[in-house]
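Dear colleague,

Here is the structure I promised to pass on. My notes on the packing and the aromatic contacts follow it.

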Amino acid sequence: MAEKQSLSEVHQSVATGQKKGWRRILAFLGPAYLVSVGYMDPGNWATDIAGGSKFGYQLIWVLLMSNLIALLLQSLSARLGIVRGLDLAQASRNTYPKWVNFPLFILAQTAIIACDLAEIIGMAIGLNLLFGLPLIWGISITIFDTVLLLFLLNKGMRKMEAFIVSMVFIVGLSFLVEMFIVEPSLKEIAKGFEPSMLGGEALYIAIGIIGATVMPHNLYLHSSLVQTRKFERDSKGIKEAIKFNFIDTAVALNLAFFVNAAILILAAAAFYKNGFHEVAEIQDAHELLSNIFGSVAPALFAIALIAAGQSSTVTGTLAGQIVMEGHLNLRIQPWLRRLITRLLAIVPAFFTILYFGDDALGGLLILSQVVLSLQLGFAIIPLIHLNSDKKEMKEFTIKPWVKVLAWLSAAVIVALNIKLAIEEIGGWMAESHNAWYMYAIVLPISILILVLLVYIFIYPFVGKKQRIGNVPHGDALAIGRVEKINYERIGITVDFSENDRKTIRHALIQGGKEAHYYLIHVVETAAARYHGKTAMDHETQADIDNLKKYQENLADLGYHATPHVGFGGTAKAIAEISNTNKLELLVMGAHGHKGLKDLIFGTTVDSVRHKVDIPVLIVR
């Protein structure tokens, strides 16, 4: 049974088999760098700056713990993609009942929107800090980075990876230079690795750090990106791919840890030590850097912020495509999928600026990371179950000690999230004085989400093992006996261009001299649109005369034809003529528009296809 490929446009597009030695290792490196971008996006900046300015070096151990959990979970995600050739969304769809997949998609999509929201705000703030561009304009500009994604996808996987790695390099280099400028205390940094009890605001920021570090959409993304490598699907080839991808993951995530730790240390050394304990805003951080260290550090800070936002936006789009195709088996154009995600993220950002002012964006950033963290359980629990499935993973099933560590990580994340949710909902209820909507909307939704989390944990232990398969069109059917179809009523669309000759010839081949032909032309002038059949302007008259010429020409050749003129919307008019005359086949010429022209002029062929129930032959 053929499986539907994850990210089919780049599936197995990077060959590894011909390379030897270190070149072979390098061929596998790349996917984890795309994933690591999510670990150093603007959302991380907000939580790291807030943590460093409020609590100094105290939360470094949370960063380290988050990074170790991320390394474990990302390696499980890569293993799933390599061994089963499925991404996390596809594998979840195979494992859980149909009704579960829709809420799982909604939750994953919410996480992607939250991530995109962080990237929009980060980009807008970066442009504001570097060029003085108002935040509302910066947010508007981020709509157009859809074009960047399409450009990179067309250039191939290696080019996209090169772009991402260059962005990561800019971020890393910027912070390395800033470390020398701020001169942090190495003794206090070392003390920050010692675990401590968390509560109140420290817990909120710690969960934000976990949500910003271990990102749910990255688990979907990594399981798909590893499939861009082509390798031998035998035991040796799979083992080698798992090993090289683990190296890729370890190097990339350690780099991400360095960047996150550098941001937190920068905030601790520059702000906490100087008595600025409430620097939750990226803009404040930039301004204080200017006051304390001059112009170089803040400029590097803004450049790194733009690079982080721009690279994260590419990976967020890919994750959205994977989640939609995997959970819902629904594929739409990448530019449209990107635009929808971005608009869903831009709306809350616009609303926040318009109603609460520019200063509220920092709080929105941290909230977006907490939303990410709350969604983590719904990605982690299926991931561990899938890697523990001996029937599907065979010899590559994770070892018991890895399973224990993975479940412990999941338990810590879910427990922290439940604690946070209870605290936050309790706070909202107190602030709203137990308003009706808390009992009618917030509490029921929270309970339903908790029940779903318990269900996806229990189901693989007790539910029937099912095998849906990610086949988009079903299995191949027996064709059976083939009989000639004799069409008697054939429609031919004409537009009096040089394409007509081909269109008419192909139609005549289908029906021969026994069929009756309906020559269809639609008049699209403004007069025709408004006045319909009563319009008799010059163009309408000329078109009717041309149709009659075609009719006479066919009669001379021994074919029977009648002219039919439609008015207004092309697709609708063609469909009406086809249905009224009970046509059995419609032959249409394709104009061959590509790209921008299709977006501007639309595709008549596609529209007609959806409006008629008869076969449509398209002639180029």
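**Notes on the predicted model**

The chain has 26 helices and 7 strands. Please keep in mind that this is a predicted model. Of its 620 residues, 53% count as buried. Among contacts between residues at least 6 apart in sequence, 84% join residues at least 24 apart.

Leaving aside residues up to four places away in sequence, Ile380 touches Leu73, Leu219, Ala410 and Ile413. Lys513 lies over the face of Tyr559, at 5.7 Å from the ring centre.

The aromatic pairs come to 8. In one of them, Tyr96 and Tyr459 have ring centres 5.8 Å apart and planes at 35°, so the pair is tilted. Tyr96 lies in the loop between helix 5 (88-95) and helix 6 (98-131) and Tyr459 in helix 20 (residues 436-462), so this pair ties together parts that are 363 residues apart in sequence. Tyr96 is buried, at 1% relative accessible area, and Tyr459 is buried at 13%.

Trp407 and Phe457 form an edge-to-face pair, 5.3 Å centre to centre with 85° between the planes. Trp407 is partly exposed, at 21%, and so is Phe457, at 35%.

Regards

Technical notes:
Residues numbered from 1 in each chain as written. Predicted model: local features only at pLDDT ≥ 70, side-chain atom pairs only at ≥ 80, totals over all residues. Heavy atoms only, no water. Contact = heavy atoms within 4.5 Å. Helix = DSSP H or I, 4+ residues; strand = E, 2+ residues; numbered from the N terminus. Buried < 20%, exposed > 50% of the residue type's maximum accessible area, 1.4 Å probe, protein only. Phe/Tyr/Trp six-rings, centres within 6.5 Å; stacked < 30°, edge-to-face > 60°. Lys NZ or Arg CZ within 6 Å of the ring centre and 35° of its normal.
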